[in-house]
Amino acid sequence: MAVAGMANSGPLAGVRVVELAGIGPGPFAAMLLADLGADVVRVDRPGGAGLAIDPEYDITNRNKRSVIIDLKADDGPARVLDLVAKADVLIEGYRPGVAERLGVGPDACHARNPRLVYGRMTGWGQEGPLAQRAGHDIAYIALTGTLGMIGKPDEPPTVPANLVGDFAGGSLYLVVGILAALHHARDTGAGQVVDAAIVDGASHLAAMIHGMLAAGGWQDRRGSNLLDGGCPFYGTYETSDGQYMAVGALEQQFYDEFIALLGIDDTAPPRKDLARWGELRDAVAARFKSRTREEWTAVFEGSDACVAPVLSLREAPGHPHLAARGTFTDHGGITQPAPAPRFSATPTAVRSGPAQPGADTAGVARDWDVPSLTKEEN
């Protein structure tokens, strides 16, 4: 069913989600559900959520609606539970035990709505020696071994922004868990708690690498392997104008095309001779330094050499392929990634810009039939 005033579309249209405001992976997970068509109501706290950016630009709150509830007020928890009674999913990102102390933990919520999927997003998880300790993405991926495998062997590990921990190991695993639990709830009528911990998800992302490590096909050090920059035909190279090209010519037929277009097919040492990988890397690097990024992009255009220019965030939306697919979209004056993935029967879209704190209270109260939202706080 479409929500009044929102024209929700997508495979999750009709699913109702309560998001208890936080920062980072929780809001991103809720945005993904909203992008897929869910009616996400973000419960903002008076005064904002700490590290959050200007709400006008926080696109992790797009396609959502916002109400303000003070969970520390006498009637705050009751208002949230009134929403929970009408919801399919709740997302919270507090430290373990905080939601319970606020009166909106799993037991209180399931007492009002036994079918509820209760999604918990943390770095360390609900249990374990570090569960109560503060942390951020970089610490979580550090302990999992993920951070230690990224970067050059003679330099400190390279920080991959907060993509690997917060969003890949955190948000995406929370969403997978929520969707699986939602399927179970619809089949059985029983909700459950989804404990999504970034340390679990980031570790799980490296499953293939752990298999290679056990088989002896991966060395447990940075910059020494096929996929971590140790291989001269899988990495990045500087061009004459200080830009970079990315090379991923792993298979023999792609590699042959790569060195031919690069112009070193007659002089390159054998690619299977690991003892000469340093020599091969130097030869590749020297060639790339002889032309600009634009010139090399033209050389490899239309080929299967698996070479691409390394673009900046501002450059990416203008790339012809991404532009043709509509990978990025403009909404409300903000260029942003379009919803992903894509669906043949239930298309998704950016329906509304970032939800402004408290701006949707009346509409949510009406659409969800929760009149307590518009009562004066005690």
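Helices here are DSSP runs of H or I at least four residues long, and strands are E runs of at least two, numbered from the N terminus. On that count, the chain of this predicted model has 13 helices and 11 strands. Its C-alpha atoms fill a box of roughly 80 × 45 × 40 Å along the principal axes. Of the 378 residues, 43% count as buried. Looking at contacts with a separation of 6 or more, 68% come from residues 24 or more positions apart.

Start with the parallel sheet. Six strands line up in the order S3-S2-S1-S4-S5-S6, and the sheet is open, with parallel pairing. Strand S3 (64–68) and S6 sit at the edges with a single partner strand each, so one side of each has no neighbour in the sheet. Ignoring direction, neighbouring strands are turned against each other by 20° on average. Within this sheet, strand S1 (residues 16–20) pairs with strand S4 (residues 89–92) in the parallel sense, over three bridges. Here Val17 stands opposite Val89 of S4. Helix H7 packs on this sheet, where it touches S5 and S6, and its direction makes about 65° with that of S6.

Four of its residues, Ile198, Val199, Gly201 and Ala202, are buried. They span an arc of only 165° around the axis, which means that they lie on the same side of H7. What sits over these buried residues? The cover includes helix H1 (25–35), strand S5 (117–122), helix H5 (137–144), H6 and strand S6 (192–197).

Of these, the packing with H6 can be spelled out. Helix H6 (residues 163–188) meets helix H7 (residues 198–205) at an angle of about 100°, and the axes are 8 Å apart. Angles of 65 to 115 degrees count as roughly perpendicular, so H6 and H7 are roughly perpendicular to each other. On the H6 side the contact is made by Val164, Gly165, Asp166, Ala168, Gly169, Gly170 and Tyr173, and on the H7 side by Ile198, Gly201, Ala202, His204 and Leu205. Sorted by class, that makes six nonpolar, five polar and one charged residues.

Now for the antiparallel pairings. Three strands make an open sheet in the order S7-S8-S9, and this one is antiparallel. Strand S7 (234–238) and strand S9 (307–309) are the edges; each has a single partner strand, so one side of each is left without a neighbour in the sheet. The twist from one strand to the next averages 20°. Strand S8 (residues 244–248) is joined to S9 by three bridges, and the two run antiparallel. Along that pairing, Val247 stands opposite Val307 of S9. Helix H10 (residues 277–288) lies across S7, S8 and S9 and runs at about 40° to S7.

Strand S10 (residues 328–331) and strand S11 (residues 334–337) pair antiparallel over four bridges, and Thr329 stands opposite Gln336 of S11. Two residues separate S10 from S11 in the hairpin, and Gly332 in the turn has a positive phi of about 60°.

Definitions and conventions
Residues are numbered from 1 along each chain as its sequence is written. This is a predicted model: local features need pLDDT of at least 70, side-chain atom pairs count only at pLDDT 80 or more; totals for chains, interfaces and linings use all residues. Side-chain values use heavy atoms; hydrogens and water are left out. Axes are lines fitted to C-alpha atoms, for helices over the stretch in contact, and angles run from 0 to 180 degrees between N-to-C directions. Angles under 35 degrees count as roughly parallel, over 145 as roughly antiparallel, 65 to 115 as roughly perpendicular and the rest as oblique. Contact means heavy atoms within 4.5 Å. Ala, Val, Leu, Ile, Met, Phe, Trp, Tyr, Cys and Pro count as nonpolar, Asp, Glu, Lys and Arg as charged, and the others, Gly among them, as polar. Two strands pair if DSSP finds at least two bridges between them. Buried means under 20% relative accessible area, exposed over 50%, partly exposed in between (1.4 Å probe, protein chains only). The arc is that of the directions from the helix axis to the C-beta atoms.
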